[in-house]
Amino acid sequence: MWLYAGLSLLIIGFIFYNSLQTGPESNAVSSRVMLLLKPILDPWDRVSEDTLHKAVRKLAHFTEFCALGLSLSALAGRLIWKKPPMTYYAPAILALAVALTDEFIQRFTGRTSSLKDVAIDFAGALTGIVLVTLIRMVYRRHQNRRQ
């Protein structure tokens with residue numbers, strides 16, 4: 001339980017740290033990541049750098065929040081394992097609160113905040129929650145077959 005709680009807090013800290021970066025700082029980081037991923041994402045050099053840069057930024061939002069959804073869902077499973085609906089709702093609500101706070105923080109750093117980013121963040125978190133739920137279902141099915 002403490003591992004998932006600590007991991008969740010680290011991920012939230014990482015998300016908020018990224019939100020506190022100014023526009024030029026954030027663009028510089030995502031540009032470096034884009035250059036690293038370009039050979040994988042666009043090996044034939046058919047996508048403009050601007051389009052690829054935007055895609056990498058959105059993918060980063062999705063990935064950060066997918067990790068958050070995974071850790072929050074695992075934590076909820078350890079805390080409230082016997083109440084399955086809450087193992088879905090609690091992580092989703094918390095992830096949505098983090099996404100909204102993330103966009104709110106960006107307003108103070110000279111960056112734009114958008115509901116589109118909140119939707120991408122929330123979709124990432126829900127993906128993580130669904131993955132943990134599927135893993136739990138497979139595990140339970142496997143345990144039931146063994147008995």
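What share of the 147 residues of the protein counts as buried? The share is 36%. Buried here means under 20% relative accessible area, exposed means over 50%, and partly exposed lies in between (1.4 Å probe, protein chains only). The model is predicted: local features need pLDDT of at least 70, side-chain atom pairs count only at pLDDT 80 or more, and totals for chains, interfaces and linings use all residues. Residues are numbered from 1 along each chain as its sequence is written, and side-chain values use heavy atoms, with hydrogens and water left out.

Confidence is expressed as pLDDT (the predictor's confidence in each residue, from 0 to 100). The mean pLDDT of the protein is 89. A value of 70 or more is reached by 96% of the residues. Among the elements, helix H1 has the highest mean pLDDT, 94. Helix H2 (residues 23–41) has the lowest, 88.

The secondary structure consists of five helices and zero strands. Helices (H or I, at least four residues) and strands (E, at least two) are DSSP runs, numbered from the N terminus. The pattern along the sequence is α-α-α-α-α. The C-alpha trace spans about 55 × 40 × 25 Å along its principal axes. A contact requires heavy atoms within 4.5 Å. Of the contacts with a separation of 6 or more, 72% join residues 24 or more positions apart.

The largest nonpolar core has eleven residues: Ile11, Ile12, Ile15, Phe65, Leu68, Leu72, Ala95, Val98, Ala99, Val118 and Ala125. Helices H1 (2–19), H3, H4 (84–106) and H5 each supply at least two residues of this core. Such a core is a set of buried Ala, Val, Leu, Ile, Met, Phe, Trp, Tyr and Cys residues joined through side-chain atoms within 4.5 Å. Ala95 touches Phe65, Leu68, Leu72 and Ala125, with residues up to four places away in sequence not counted. In soluble globular proteins, nonpolar side chains tend to be buried together.

The protein exposes about 9,500 Å² (Shrake-Rupley method, 1.4 Å probe; for residues, only the protein chains shown count as cover). Carbon and sulfur atoms supply 69% of this area. A nonpolar surface patch of about 420 Å² is made by Leu70, Val130, Leu131, Leu134 and Met137. Patches are made of residues with over 30% relative accessible area and no salt bridge; like charges are joined within 9 Å, nonpolar side chains (Val, Leu, Ile, Met, Phe, Trp, Tyr) within 5 Å. Helix H5 (residues 115–146) gives the largest share of the patch, four residues. Leu131 lies in helix H5. Leu131 is partly exposed, because its relative accessible area is 39%.

Four salt bridges were counted. The criterion is a side-chain nitrogen of Lys or Arg within 4 Å of a carboxyl oxygen of Asp or Glu. Lys38, Asp42 and Asp45 are linked in a network of salt bridges. The closest N and O atoms are 2.9 Å apart for Lys38 and Asp42, and 2.9 Å apart for Asp45 and Lys38. Lys38 and Asp42 are buried; the relative accessibility of Lys38 is 13%. Asp45 reaches 55%, so Asp45 counts as exposed.

A further salt bridge joins Lys54 and Asp50, with the closest N and O atoms 3.5 Å apart. These two residues are four apart in helix H3, which means a separation of about one helical turn. Asp50 is partly exposed at 48%. Helix H3 (residues 49–79) also holds Ala60. Ala60 is partly exposed at 36% relative accessibility. Ala60 and Leu75 are 15 residues apart in sequence and 23 Å apart in space, C-alpha to C-alpha.
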